[in-house]
Amino acid sequence: MALLETKDLTMQFGGLKAVDDFEISVNKDELVGLIGPNGAGKTTIFNMLTGVYTPTKGSIHIGGKNAVGKTPYQIVKLGGARTFQNIRLFKDLPVIDNIKIAYHHEVDYNILNGVFRTKKFWQGEKKAYENSIDFLKIFEMEDYADTLAKNLPYGKQRKLEIARALATKPKILMLDEPAAGMNPQETKELMETIHFIKDKFDIAILLIEHDMNLVMGVCERIVVIDYGKIIAKGTPDEIKNNPDVIKVYLGE
Amino acid sequence: MKKETLKSYLINLLAIVILFIIMKMLISNGILNRYYVGIIVFIGVNIILASSLNIATGFLGQLALGHAGFMATGAYTSAITSMAIIESIENGVIIGMPNILILIISLIAAGVVSLLVSLIIGIPSLRLRGDYLGIITLGFGEVIRVFINNIKVTGGAQGLTGIPGLTNFDNTFWITVFVIFVLYTFTNSKHGRAIISIREDEIAAEAVGIPTTFYKVLGFSTAAFFGGVGGGLYAHYLAFLDPNIFGFMRSVEILVIVVLGGMGSLTGSIIAAIVLTILPEALRDFAQYRLLIYSFLLVAMMIFRPQGLFGTTEFSMKMFFHKIRYNQIFSPRKEVKDGD
């Protein structure tokens, strides 16, 4: 069963059809890339999938459940996690707190437990701490646990953002231009991270990216859109040789 | 609970009890006379008001300009409640009860009414992103004052008299301690973390599954609840209420305490509340320059330490235990010195 499935997804801003009948389905353990020139509608699609925009028409199913009309945090509950093009971390909080916040719903105690420091609170916090440290260990970042997020190097910040998204236990991870602003070395590390996530977690990944090295390097399937319409689908090799895609990117 | 945590809790408690005993001795010796006790009570009230406002502005990151409005709501609610209770006791409708119980009941009433009012203004305005809350609370502060001025039950512009003087040094001290404890534990729980994450980045908070509107309303109404409690305590010390003491300048005074102490630091609010309550009294001879000094302080603070006295850090006994490990007192978290 597809973890992410959209049908006839359309977004209309006044007279402009930003996205027109977009269809995609991403299965478990699959890594799909979404590419297209500037203004093609990639981010609009992303915003619809993550609950920022409500589509004009069409359906989105995450993990088999309807995701249209849900707010971003309800999408997270359904199992859709995302990262941002411009990294959005909780900058002035330590790395571990960034993960703990993503664990919010896993920690089970109410406000009174928290205020009066009952046993349940200490157990919950202990679990949150241990889970977060374990999670950081997976990403080999446990040494940075007490570092403020803003003091991490850029590549590590991106890694933390991805780790934080994964801490919400998603079914599908949506990465919005993860390589933006990275040098080749950092991009290489990012590719390794993405491969690692795919092996380690049972999830589907949808990737929007401009960096062709990254897209061709990690994606199994690629969807190309232009002016809100799908113009090509296929494996990286097929896409590389597709005349429509070459036309869109390089001109006639 | 970790042994270390328990130890630091006990040490804090011990420090507070010792402080209480010392002050109590000074009062019974007459070194602290009635005038000084009055200032201490106002310090307590200001600590409650500032640290509760800090939840909304410092921890949640929402601009709230009408804290005096919640203070007024709480002050009048508690005053009317306690007067009604005492009247019922005199008429034999209900059995007599100790003063402290009357005070606590009326303070809870004050908090609850302030909380309800905050829900009315918070739910619509906090659904939006941006500074709408600032504008609405600014208006609310004035509306509540005009409202109180024009209804009968509050005594209108003549003020409300005959409020029992239930607030004294003892109960102010312990209520302040209790409020600080509750606010501290609240901000250091998963709910507090959710609130802080909204200050850090609202969009990211929503994207990791935090229901932001709920937590914004929760933080704001917590601030309003304790703002009401602070107002109630204030009313029972003054024993007289006049709507004009809850004007816009009162809100600004509380906000100044929060900003000076550090947005996001309860310790900062406590220290700043002490300083900024004593300062005007100490400078009584220059009363006309008070606002000048306030603004000068703020400007100087913005230039030299824009994050406030304490920034977002808290002072704690634990910090001294960890002093050697971190080798820093005021920024207890280890930072990476060079890149990777």
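The model is predicted: local features need pLDDT of at least 70, side-chain atom pairs count only at pLDDT 80 or more, and totals for chains, interfaces and linings use all residues. Residues are numbered from 1 along each chain as its sequence is written, and chains are lettered from A and ligands numbered from 1 in the order in which they are written.

The contact takes 34 residues from chain A and 28 residues from chain B. Two residues are in contact if their C-beta atoms, placed from the backbone, lie within 7 Å. On the side of chain B that touches chain A, helix 6 (169-187), helix 7 (190-200) and helix 8 (202-207) give two or more residues. Helices are DSSP runs (H or I, at least four residues), numbered from the N terminus. Helix 7 of chain B gives the most, with seven residues.

Helix 1 of chain A spans residues 42-49. Six of its eight residues are buried, among them A:Lys42, A:Ile45 and A:Phe46. A residue is buried if 20 or more other C-beta atoms, placed from the backbone, lie within 10 Å of its own. Just after this helix, A:Gly51 takes a positive phi of about 90°.

The largest nonpolar core has 160 residues. Such a core is a set of buried Ala, Val, Leu, Ile, Met, Phe, Trp, Tyr and Cys residues joined through C-beta atoms within 7 Å. A:Leu34 and B:Leu53 are among the members that touch the most others. Contacts of A:Leu34 include A:Lys42, A:Ile45 and A:Leu206, not counting residues up to four places away in sequence.

Technical notes:
Buried ≥ 20, exposed ≤ 12 C-beta atoms within 10 Å, placed from the backbone.
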